[in-house]
Amino acid sequence: MASQQQQEQQSLESKAELTQVELLPSLEGVQQQEQESLESTAESTQVESLPSLEEVEDILKYKFKDKNLLEEAFTDSSFPDRLFSYERLEYVGDSVLNLLFTKEHYFKYPNLQPGALTRLRAANVDSEKLARVAVKLGLHRFLRHNKPLLEEQIREFSQAILDYPLHSHGLVDVPKVLADIVESVIGAVFIDSNSSVDTTWKVFKDLLEPIINQETLKVHPVTELYEVCQKRNLKVKFVDSWRESMAFDVLINDQLIGRGTYGLKKEIAHNRAAKDALDNIGRILDEKHEQ
C-alpha cells in the first residue's frame, strides 16, 4: 500500500514538473511581450511629448510637400526603432549651404580674392555659427533622439555664447548635433523644393542672421597670436600639459603669458590659452618698448 502511494506521489510530482517546464517558455514570452509593450509605450510617449513638426514649418515660413522629409531631418541615429536619420539630408544641406554662401559672396564682394572669400564662407558655415542658429530658432526642441546628456550640453552652450555675441572662435564647446540639424533642414527644403537653390536661400537667408561679413569677420585667436608675435619678432611657444592638467600654457619670449584649460576637448583648451595670451600680451610689448 505504501509503495502504491509512493508511486502515485512520484507521478504527481513528475506531472507538476512537466507542467512547470511547459509553462516557462509561455511565461518568458509574456514577460518579453510586456517589456516590448512598455518600451513601445515609452517611445510613443517620447514622440508625443515633442512639439509638432508643423511648428518648424511656421519657423521656416515654408510648407513641405513631403512631410516625411521634415521628420527625417529631425531624427537622430540614436532614436529607437528609427526608419531613417538626418545624416543623408545633413550631407546634402552641408553642400547646399556652402554653395549658397559661395554664390552670395561672389556677387556681393566682386573685388574679394578667393582666399578672403573662403575665410568669409567658412565663418558662416562652421559648427558654432550653425549651432547658434539652431538655438536662436529653437530647432533643437524638435529633435527625436536618445542622448541623455544632450539637453544639458545645449543648455551650457546657450549660456556660454552669451559672452560672445557673434562668434567665440573656438572658445566654447559646441554640441555638433545642433549644427547637423540646421544642415539637415536646409537639405530637406532643397530636396522638397525640387533642388531649387533660389528657394532654399529665400527660406534661410534671414534665418541665418547675423551673417558674418567683411567688417565683422574676426581672426581665430591662435592665428592672431602668431601674427602679432611674428610682426613684433616675439617667440611664441605652446606647452601641452593637457593630459596631466587639462591645460595649455603659452610662453612668449620664454615668459608665461597665457593659460587655457578645458577637460572635454583639447582644442578648446589650446584656443583659450591663445586668447588669454592675447589679452595679456600688452605687458610684454610695454616691457620690450621700455627696453
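Helices (H or I, at least four residues) and strands (E, at least two) are DSSP runs, numbered from the N terminus. The model is predicted: local features need pLDDT of at least 70, side-chain atom pairs count only at pLDDT 80 or more, and totals for chains, interfaces and linings use all residues. Residues are numbered from 1 along each chain as its sequence is written, and side-chain values use heavy atoms, without hydrogens and water.

**Exercise 1.** Describe how α4 and α9 pack.

*Solution.* 
- Two packed helices are described by the angle between their axes and the distance between the axes.
- The angle is about 85°, and the axes are 11 Å apart.
- Therefore α4 and α9 are roughly perpendicular (65 to 115 degrees).
- The contact (heavy atoms within 4.5 Å) includes F101 of α4 and W201 of α9.

**Exercise 2.** Decide whether D81 and H169 are buried or exposed.

*Solution.* 
- Most residues other than glycine have a negative phi.
- D81, not a glycine, has a positive phi of about 50°.
- D81 sits in the loop between α3 and α4, and is exposed at 66% relative accessible area.
- H169 has a positive phi near 55°.
- H169 lies in the loop between α7 and α8, and is buried at 16%.

Technical notes. Axes fitted to C-alpha atoms, helices over the stretch in contact; angles between N-to-C directions. Parallel < 35°, antiparallel > 145°, perpendicular 65-115°, else oblique. Buried < 20%, exposed > 50% of the residue type's maximum accessible area, 1.4 Å probe, protein only.
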